[in-house]
Amino acid sequence: MEIEIQLTDRPIAEKFLSPGQPGAVGAWLEFRGVVRGEENGRTIRALEYEAYPEMAGREIRRLLQEISARHPCRAAKVIHRVGVIPAGETAIYVGVASPHRGEAIALLAEFMDRLKQDVPIWKRGARNAGLRPGANWKTAENVPGRRPALQPLSLDEARAEIRSRSRPLPAVRTPLAEALGRVLRETICAPEDLPPVDRSTRDGYAIRADDASKTFSVVDTIHAADWKPRQLESGEAVRVATGAMLPCGGLRVVMQEHVKRDGDKLHVVRRENSTNVRLRGEEVRQGQPLVSAGTKLNAGALAILATVGNVNPPVSPRLRILHFTTGDEIVTPDQTPKPGQIRDSNSILIRSLLQNFPCDVEQGHLPENFEAAMSEIAAHKPGIESAGVLLVSGGASVGEKDFTRALLEQLGFEIVFSQINLRPGRPLIFGVNGPRVAFGLPGNPLSHFVCFHFAVATALACLTGGEPPKFLRGQLAEKLDDKPCPRETLWPARLEWNDATPRLHPLAWASSGDITCLTAANALVRVPANCASLDDGAKVDFLPMAAMIGGG
Ligand code: AMP
Ligand code: MG
């Protein structure tokens, strides 16, 4: 297929080329993706896209080639605009030519579906995305000279922003021994039927499936590693080991426990219904999908890839994560805190939660002074530049010493949101800088835990090209007693599966600094805003913890 790709920062022309030589094609399909003037309910004037042009061009070409193997077309032309694109203008143009319309439509549809997932082009941000003062507009932030916080988002809005801004990082090929927990980035299909031949599931004797004889002559012996093709006649049997490749099709295996053998003579005492044969292709046929793109590779998936010899699958890269604590009151856990000081529990919390994602973590501490913090960050410069994810604990709120937002901006991050209508975890900051994402996490350890699970875990899943954690439906096993709160709550709970129903035991917590419930917590129950309490047996949404869904 002829492929033409352009990445341009200029407007994409209104009219496009004709389908080439008359008679060569029967279908010429054109598609334009246009910037909408609204995103997540907010009016926007423009969107900004960023790409590494060479890498993006290469990925678009690879994707088109892969899809055209299934839907052969004559030619495709893709023009992606980058930089600031005003609402109403074309962000992407795709033209496809093919002899018949079916292939062109199929290729275009699959290409557009896969583009977002596979190609490193990032939406850097909505320009003029309504900084409108809302009901929760903080008076402290209206002080002249202080930057206003963006209006608090709902939990769902925040998750939608995180999902759309955290783009999958380019895939890498990795040996199976290092691929546990990585996200597979291409569907792996069976290169041949599985099993590739009929095999015996028993130690016994292979005979023709239709052979009703009582006595047989043993004409050969086949071990698991042998390959001895031959046709069997009626009255002939072959001694076979478990796993042995049967000498021809149409056989059954009689277990050795069900025969009497005397030299080369064999007498069948009992016949089972089962043929004791793993038939060629009974697991999966050649070309059928074995492990789908987006799967987080667990031990079983790796074993399947090993079975088909796919020893370097394309997977998500190992993430590089930089985590800083902040706050002059923080001392390391081995120290005895003086009055006013507290031990750092967030570092080990974050490090442990990150164990569910294949990543390298670098941790540090920032002094509570903007300039001093910036020079500390300079010492981590290589880490910052190579890290895909920056996490800052504390300093996310609006106190005089809370500088996380300013710090992220100084590092070039566009702040997508800086507050959410959530308890605990309201002052959560999310920023993006090209392919990198950053979170300013509220310092209180319970807020930290909650924000990690619903926000950071979502970003990490998206960056790796995997499935972000989802809320599931369950039932309260006990009454949840609460005071009405104008924000939604993610309430720590113990999830148990009784009789196939997820049942949730709400755990007690006194404040967003109280982590005594976390040894038992393995889920977060979603309590609607202004809800005083929920009865025993009430249906609720809950988020299972990363360890329960992670697989890795
Ligand atoms: P901040 O978000 O910086 O206002 O911090 C909110 C609360 O979390 C304060 O009581 C901090 O002392 C506490 N905190 C901040 N960082 C940590 C940490 N690394 N470990 C434990 N508590 C922390
Ligand atoms: Mg602080």
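These questions and answers walk through a predicted model of a protein chain with a ligand.

Me: How many helices and strands does the protein chain have?
Reply: The C-alpha trace spans about 100 × 70 × 45 Å along its principal axes. Of the 552 residues in the chain, 49% are buried. The secondary structure comes to 10 helices and 37 strands.

Me: How far apart are the C-alpha centres of domain 3 and domain 4?
Reply: The chain is divided into five parts, among them domain 3 (199-278) and domain 4 (319-463). Take the C-alpha centres of domain 3 and domain 4: their separation is 66 Å.

Me: Which residues come nearest to ligand 1?
Reply: There are 14 residues around ligand 1. They divide into four nonpolar, seven polar and three charged. The nearest are Glu329, Asp344, Ser345, Gly395 and Gly443.

Me: How much of the accessible area of ligand 1 does the protein cover?
Reply: Start with the side-chain contacts. A polar atom of Glu329 sits 2.6 Å from an oxygen atom of ligand 1. Asp344 places a polar side-chain atom 2.8 Å from a nitrogen atom of the ligand, and for Asn346 the distance to a nitrogen atom is 3.4 Å. On its own, ligand 1 has 490 Å² of accessible area, and the protein covers 79%.

Me: Which residues of β35 are buried on each side?
Reply: Strand β35 covers residues 523-527, and five of its five residues are buried. In a regular strand, side chains alternate between the two faces of the sheet. Here both faces are covered. One side holds Ala523, Val525 and Val527; the other holds Leu524 and Arg526.

Me: Is His80 buried or exposed?
Reply: His80 is found in strand β6 (residues 75-81). Its side chain reaches the backbone oxygen of Ala91 at 3.5 Å. The relative accessibility of His80 is 5%, and the cut-off for burial is under 20%, so His80 counts as buried.

Me: How far apart in space are Arg173 and Val311?
Reply: Arg173 lies in strand β10 (residues 172-173). Its relative accessible area is 55%, over the 50% cut-off, so Arg173 is exposed. In sequence, Arg173 and Val311 are 138 residues apart. In space, C-alpha to C-alpha, they are separated by 9.1 Å.

Me: Is Asn276 buried or exposed?
Reply: Asn276 is in the loop between β18 (265-268) and β19 (277-278). Its phi is near 55 degrees, a positive value in a residue other than glycine. Its relative accessibility is 3%, which means that Asn276 counts as buried.

Me: Is Asp499 buried or exposed?
Reply: Asp499 lies in the loop between β33 and β34 (501-506). Its phi is positive too, near 35 degrees. The relative accessible area is 64%, so Asp499 is exposed.

Methods. Residues numbered from 1 in each chain as written. Chains lettered and ligands numbered in written order. Predicted model: local features only at pLDDT ≥ 70, side-chain atom pairs only at ≥ 80, totals over all residues. Heavy atoms only, no water. Near = heavy atom within 4 Å. Polar contact = N/O pair within 3.5 Å; in protein donor to acceptor, adjacent residues only side chain to side chain. Areas by Shrake-Rupley, 256 points an atom, 1.4 Å probe, with all protein chains shown as cover. Nonpolar A, V, L, I, M, F, W, Y, C, P; charged D, E, K, R; others polar. Buried < 20%, exposed > 50% of the residue type's maximum accessible area, 1.4 Å probe, protein only. Helix = DSSP H or I, 4+ residues; strand = E, 2+ residues; numbered from the N terminus. Domains from an automatic or database assignment.
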